[in-house]
Each structure stands twice: as C-alpha cells, then as structure tokens.
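Thank you all for coming. I would like to take a few minutes to go through one model with you, and the sequence and structure are coming up now.

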Amino acid sequence: MPDEKTNSKPKRLPSVNTLMMAMSSSLIAFGGHSLAVEMAQKTLAVAREEWQAEGTLPTLDELARRSNALLTREIIRPPLQPAINATGIILHTGLGRAVIAPEATPVALHGGHCVLEVDLETGERGSRQEHVAPLLCAITGAEAALAVNNDAGAVLLALAAIGRGRDVIVSRGELVEIGGGFRIPEILAESGATMVEVGTTNKTRLRDYERAITPNTAALLKVHPSNFRVVGFTETTGIRELSELAGKHGLPLLDDLGTGALLDLGFGEPTVQERLAQGSDLVMFSGDKLLGGPQAGIAVGRRDLIDKMAVHPLARALRCDKLTLSCLQRTLVLYRRGGAQKSIPTLIELATPPDELKASAERLADMLSDIDSLHAEVVESDCRVGSGALPDYPIPSFAVSIDVAGMGPNALAKALRLNETPIFAHIANDTVLLEVRTMYRFGDPAHYTTILRALKRIVGEMKEGKK
C-alpha cells in the first residue's frame with residue numbers, strides 16, 4: 001500500500017496566490033510579478049519537502065518571510081539595498097561609507113538630460129570638471145582642482161603624470177596598505193615611477209630625504225597614515241620642512257592625505273586647507289570619508305600639476321560619471337554656504353553629544369521592552385570613525401544591548417542581518433549592541449519601527465520553531 005504521507009497533498013499549504021498576498025508588496029512591485037511567483041513556488045516546494053520529511057508545515061507568515069528573502073536575494077541584494085547601520089562604525093566601508101546628505105541627491109537621478117560637458121554660453125563642449133573644480137578651489141584656496149573616481153586613482157594619476165620614469169621619494173614608515181589590499185609601493189609601480197624608500201619604519205628625518213635626491217628625482221611623496229599609528233620611539237618630517245626642501249631642489253611635494261577633512265572636526269586630523277597652507281603642492285584625498293560625500297578622489301593644488309594630470313591618458317579612465325559629479329557638487333555647495341555641519345550626515349554623527357544619544361537609546365530600549373523573551377538595556381559604548389580614519393580615536397556613545405532568551409549573540413546578529421531591511425549590529429563581550437550614533441537620523445521612528453518589527457518576528461519564529 002502506498003505511503004499515505006508521501007502521496008497525499010499537504011492540505012494546510014497555501015496556494016501561490018494566497019502566499020503572494022502575504023508577501024511584501026513593495027518587493028513584488030520592484031522585482032515583478034513573474035519573479036515573485038517563481039520565488040513563491042520555490043518556497044512552497046521546499047515546504048512540501050519539509051512536510052514529507054518531518055510532518056510539519058510552516059505558518060503563512062513564515063512562508064511569506066522565506067519568499068521575501070528569496071526574492072530579495074534575487075533582485076535586491078546583488079545591486080544595492082537600504083540597510084540600518086547599528087555597528088558603531090560611522091564610515092562603514094561595507095555599508096557604503098558616508099551617508100549622502102538629502103540635499104546632495106544627484107540631479108541626474110531626477111530624470112531627463114543634464115548639463116555635463118557643455119558650455120552654456122557658447123554651446124560648445126566644455127569640461128565636466130567645471131562642476132566641482134571652482135567649488136574645491138573656493139573652499140580650499142587651491143589654484144586648481146580635479147576629481148576622479150577615488151583617492152587611490154588620484155594618487156595613481158598624479159604619480160603617472162608627474163613621476164613616470166623617474167624617482168619618487170617616500171618614507172619607509174608611510175608605505176601603507178589601504179582597504180582591499182592596495183599598497184603604496186604597488187601604486188607607485190603601476191604609475192611607472194620608481195619608489196625610493198628613505199628612513200626606517202619608526203623614524204624618518206629631513207636629511208634622509210635630502211640624501212636621496214638626485215637629478216632623476218621627480219617628487220617627494222608624503223602619505224598620511226590615517227589607518228594606523230606608530231607610537232613610542234618615533235620621528236617624522238613635517239610638511240613645512242619637506243616643502244622647503246622640495247622648493248630648494250625645484251621638486252613638487254605630493255601629499256596623499258586620504259581622509260579629506262575640510263573642517264576642523266576636533267580630532268586633531270589635518271584639514272586639506274592646512275596642508276596646502278603648510279606647503280604641499282598637491283593634496284589628494286577621498287570624497288566619501290570625512291568630507292561626507294560620494295566615492296571620489298580629489299586632487300587640489302598647483303595649477304601646473306593639475307594640468308599635467310588632466311591631460312594624462314589615465315584621466316579619462318579614472319574620471320567621475322555624472323551621478324558622482326552631481327552628488328559631489330551638491331555636497332561641496334553645503335560647505336561653501338557654511339551649512340555642512342548641520343546638513344552632512346557624517347559630520348552630524350561625529351558631532352552629536354552623548355546626552356542626545358542616550359535619550360535616543362532610551363526611546364529605542366523602551367520600544368523593545370514589550371517583546372517577550374527579549375531584554376533591552378541602554379549601555380555606554382565607544383564608536384569609531386572607520387574607513388581608515390582616526391583608528392585610535394574612540395567616540396563616546398550609547399547603545400542598546402539586546403538579548404533574546406535561548407538565542408546566542410551570533411545567531412541574533414545573523415537574524416537581524418537577514419531581515420527584509422538588513423540590520424547590522426555590533427557584538428561586544430558576547431552581547432549584541434545596537435549603536436544609535438551610527439543610525440543616521442538616530443531618532444528616526446521608521447528605523448526604530450523596523451528594528452521593533454524585526455525583533456518581534458525573530459522572537460516569534462524562534463518560539464514557533466521550539467513548538
């Protein structure tokens with residue numbers, strides 16, 4: 001006699017249409033009806049296998065969650081999707097670094113054409129750099145400016161345009177590795193310049209640079225060690241000293257500042273303006289770090305050096321697209337108008353006082369306190385800037401510590417990440433922390449409601465699974 005469980009249909013499984021009615025309408029609209037049907041069918045097929053193997057069926061809510069997750073992986077996660085950053089890292093590389101100010105939304109996203117490379121007065125082709133170069137010069141006081149796709153690109157372009165086939169002198173203590181495994185020696189090699197190391201890991205003096213200068217020297221290179229610190233028995237050569245030495249020998253001083261602060265943020269991080277004033281001939285920095293804009297590499301300084309970079313063949317390969325330029329331009333306008341500290345999320349997150357964060361954390365903890373089996377508590381914490389900026393500067397903050405009975409911290413953190421809107425938390429001392437400083441618009445009710453719903457679902461599913 002045939003096995004009844006194997007051959008009979010599970011009567012409690014919903015139809016595809018019923019399941020889709022329980023799924024996220026916004027996800028279905030984004031991915032399209034046919035793809036949503038396919039994901040619902042896959043979910044039901046797995047549920048049938050579970051029923052045949054275990055004799056149990058998931059609830060409609062659980063089936064809808066699984067279908068939403070499948071649909072999300074198919075159409076949302078491979079591109080970009082919104083997420084909640086509760087990690088305590090302000091410039092989280094994995095989560096897109098700087099949050100773009102609402103006022104800086106690229107005009108090119110608004111639909112239609114945009115004026116990218118056209119001179120309005122003559123109607124002839126113009127330069128796309130005109131959208132950002134005048135603003136950069138006005139803010140920093142530089143003679144000229146150029147924007148490319150990222151800081152590593154700006155450094156590569158500068159070295160190729162100025163140092164190719166010749167020597168570039170750099171301190172051994174500044175041969176840094178940046179994110180993704182890219183190293184200054186490798187960038188120098190790819191540029192066609194020859195790297196000349198001077199000094200030691202912990203000490204490089206002015207005379208080390210001077211002894212290395214030859215007729216084949218093209219430039220001196222200063223690299224700001226933004227993602228590490230050497231402490232103890234150390235000595236470095238300052239920008240003013242290097243500038244005087246470079247000028248004495250008719251050489252340019254190239255300065256890879258990296259972090260790109262345009263304002264004094266109170267952390268002791270040098271600003272672009274300070275480096276230019278101290279004598280750097282060319283300063284290169286990121287657009288999506290302390291500047292708080294989109295990913296970009298920016299070079300400001302002497303006009304002759306910028307001109308060499310602008311006409312180099314690599315400039316076209318590394319150029320910014322219209323979306324980046326539009327976003328960067330609008331971010332720089334906020335600086336030019338004097339409203340950056342009140343408008344740019346990165347600067348707001350850095351500057352918000354702990355007492356405001358504590359009040360926000362208390363609101364979130366109060367919202368979560370009604371969930372059975374979940375304990376939420378406000379705790380003191382330290383945040384970090386991230387993305388290689390200010391590695392030894394903890395920023396006092398507050399977080400909400402959450403604990404779900406019967407669920408380990410790693411499992412809870414993973415469940416939060418797999419939410420329809422991913423929530424990235426921070427694990428410290430075997431405890432899951434929701435850091436409020438890094439949740440842009442920390443008191444945003446929509447963020448807190450998303451977290452509340454996610455934790456209610458996670459606790460509910462855990463209880464359902466134990467039955």
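What you see is a predicted model, in which local features need pLDDT of at least 70 and side-chain atom pairs count only at pLDDT 80 or more, while totals for chains, interfaces and linings use all residues. Residues are numbered from 1 along each chain as its sequence is written, and side-chain values use heavy atoms, with hydrogens and water left out.

Let me start with the sheet. It is open and is formed by 7 strands in the order β2-β8-β7-β6-β5-β3-β4, with mixed pairing. Here helices (H or I, at least four residues) and strands (E, at least two) are DSSP runs, numbered from the N terminus, and two strands pair if DSSP finds at least two bridges between them. The edge strands, each pairing on one side only, are β2, residues 144-148, and β4, residues 194-198. From one strand to the next the twist averages 25 degrees, where axes are lines fitted to C-alpha atoms, for helices over the stretch in contact, and angles run from 0 to 180 degrees between N-to-C directions.

Helix α8, residues 184-191, lies across β3, β4, β5 and β6, and runs at about 155 degrees to β5.

Within β8, Gly 297 is the bridge partner of Val 148, and Val 300 is that of Val 283. The strand is mostly covered, with 5 of its 5 residues buried, buried meaning under 20% relative accessible area, exposed over 50%, and partly exposed in between, with a 1.4 Å probe and protein chains only. Gly 297, Ala 299 and Gly 301 point one way from β8, whereas Ile 298 and Val 300 point the other way.

Helix α6, residues 133-140, lies across β2 and β8, running at about 125 degrees to β2. Cys 137 lies in this helix and is buried, at a relative accessible area of 18%. Leaving aside neighbours within four places in sequence, Cys 137 is in contact, meaning heavy atoms within 4.5 Å, with Ala 142, Glu 143, Ala 144 and Ala 145.

Turning to the loops, Thr 271 sits between β6 and α11 and is buried, with a relative accessible area of 4%.

Finally, two backbone angles deserve a look. Most residues other than glycine have a negative phi. Arg 97, however, has a positive phi of about 55 degrees; this residue is in the loop between β1 and α6 and counts as partly exposed at 22% relative accessibility. Asn 429 also has a positive phi, near 55 degrees, and lies in the loop between β12 and β13, where Asn 429 counts as exposed at 75% relative accessibility.
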